[in-house]
Amino acid sequence: MVRLENEYLRVDVARLGAQLQSLWDKQADREYLWNGDAAFWHNRSPLLFPVIGMMRDGTYLHQGKEYVMCRHGFARDYTFRLNYPSEMPNTEQPRGCGEASGQITLIHMGKEAALTLEDNADTRELYPFSFSLESHYRLEGRRLLVEWTVRNPGEESLYFAIGGHPGFFCPPAGKRGLPEGHRSECYAKLLGAGEAGSLEALVITGQALVGAGIRELPIGRSLGQPDELLPLSKGIFAQEALLFENQIHGISLFDKDQREYIRVTGDAPIWGLWSVADDQAPFVCIEPWWGCCDSEAGSKELAEKKYINAVAPGGQWKGGYAIEIMGSAYAE
């Protein structure tokens with residue numbers, strides 16, 4: 001486990017999937033990242049690569065050959081290499097971190113750390129490309145910057161999608177890191193939506209594919225709420241995720257008293273807002289995507305998919321997002 005820390009925040013990242021495990025506000029003494037309770041959703045913040053969402057029929061084509069690909073890709077299932085600086089950091093085994101398989105070693109990396117996954121024989125069975133995926137975490141004040149670099153060491157163009165899937169307690173967890181309420185008490189603010197009164201979300205089918213038409217969502221003043229607040233009310237996730245295409249540049253979460261506590265921003269073309277259908281679930285995910293799940297009628301060729309990213313041989317792609325804990329509303 002990798003630990004980052006500054007004056008305001010303490011962050012833990014697992015090498016498995018380069019997945020965030022904790023986002024702790026030291027001033028408020030509170031956890032903001034979802035805890036992975038399997039009764040609702042067993043993940044916390046998976047990295048989506050090299051596809052996002054479902055491929056139609058669970059497969060895609062590359063140069064006419066069919067490959068099987070699981071939902072959201074395979075990066076979350078592989079152990080990343082930690083990129084050490086020139087000097088080895090201090091390590092410790094703090095009290096309370098033991099597991100049945102033994103102690104978890106915390107590797108203290110200061111305010112930033114980078115982890116890398118490269119292709120191997122197993123990945124090439126699913127995805128016939130050479131690649132290097134670096135996930136870089138950096139603390140700046142009350143913000144955690146998540147920055148990705150995808151490099152192409154191969155001899156042909158590299159095609160991929162990439163996205164974040166961080167889950168947050170909703171409403172914020174209590175002092176002991178346990179849920180205090182449920183999602184339907186809270187609100188989301190869709191940054192950049194303006195005062196249109198509604199947003200258009202992509203329609204998601206029962207097969208988790210993009211379907212025809214749009215789903216119109218009333219927001220803000222049309223619901224008697226200030227600004228662009230969207231109530232995360234009962235039934236809102238009954239039809240899978242809410243996906244917004246080229247309409248916003250981030251999403252904030254607000255508690256039942258309309259206090260903003262988390263803001264996620266970036267330049268992703270697709271933003272997702274998701275939780276399980278159970279309205280008692282105490283979490284919600286904010287998902288910046290550079291790519292999208294398959295549509296019912298789109299091409300199965302990977303290079304022809306909407307929002308696919310392409311990197312020429314020897315080239316690289318950079319992207320990412322920021323998570324900001326807003327103020328110290330919960331600090332005593």
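Predicted model: local features only at pLDDT ≥ 70, side-chain atom pairs only at ≥ 80, totals over all residues.

User: How many aromatic pairs does the structure hold?

Analyst: The structure holds 22 aromatic pairs.

User: Why is the pair of F74 and F131 called tilted?

Analyst: The ring centres of F74 and F131 lie 6.2 Å apart. The cut-off for a pair is within 6.5 Å, so the two rings pair. Their planes stand at 40°. Stacked needs under 30 degrees and edge-to-face needs over 60, so this pair is tilted.

User: What makes F74 and F131 a tie between parts of the chain?

Analyst: F74 sits in the loop between β7 (65-68) and β8 (81-82). F131 sits in the loop between α1 (121-126) and β14 (132-140). These parts are 57 residues apart in sequence, so the pair ties them together.

User: How do you know whether F74 and F131 are buried or exposed?

Analyst: Buried means under 20% relative accessible area. F74 has 2%, so F74 is buried. F131 has 1%, so F131 is buried as well.

User: Why is the pair of W290 and W317 called edge-to-face?

Analyst: The planes of W290 and W317 stand at 75°. That is over 60, so the pair is edge-to-face. The ring centres are 6.1 Å apart. W290 belongs to strand β27 (residues 283-290) and W317 to strand β29 (residues 316-325), 27 residues apart.

User: What makes W290 and W317 count as buried?

Analyst: W290 has a relative accessible area of 7%. W317 has 14%. The limit is under 20%, so both are buried.

User: What lines the second largest pocket, and what is its volume?

Analyst: Its volume is about 270 Å³. The lining has 18 residues, with R71, H72, H165, E240 and W274 nearest the centre. By class, 10 are nonpolar, four polar and four charged.

User: Which residues touch the most other members of the largest nonpolar core?

Analyst: That core has 75 residues, and Y127, I162, L232 and L273 touch the most other members. Leaving out residues up to four places away in sequence, Y127 touches F49, P50, Y60, M69, F74, L158, Y159, F160 and L302. Another core lies apart, with 21 residues, among them A173, I204, V210 and C292.

Note on methods: Residues numbered from 1 in each chain as written. Heavy atoms only, no water. Phe/Tyr/Trp six-rings, centres within 6.5 Å; stacked < 30°, edge-to-face > 60°. Helix = DSSP H or I, 4+ residues; strand = E, 2+ residues; numbered from the N terminus. Buried < 20%, exposed > 50% of the residue type's maximum accessible area, 1.4 Å probe, protein only. 1 Å grid on protein atoms, 1.4 Å probe; cavity = no way out; pocket = protein on both sides within 12 Å on 5 of 7 lines; lining within 4 Å. Points joined across faces, edges and corners; volume = space filled by probe spheres on them. Nonpolar A, V, L, I, M, F, W, Y, C, P; charged D, E, K, R; others polar. Core = buried A, V, L, I, M, F, W, Y, C linked by side-chain atoms within 4.5 Å. Contact = heavy atoms within 4.5 Å.
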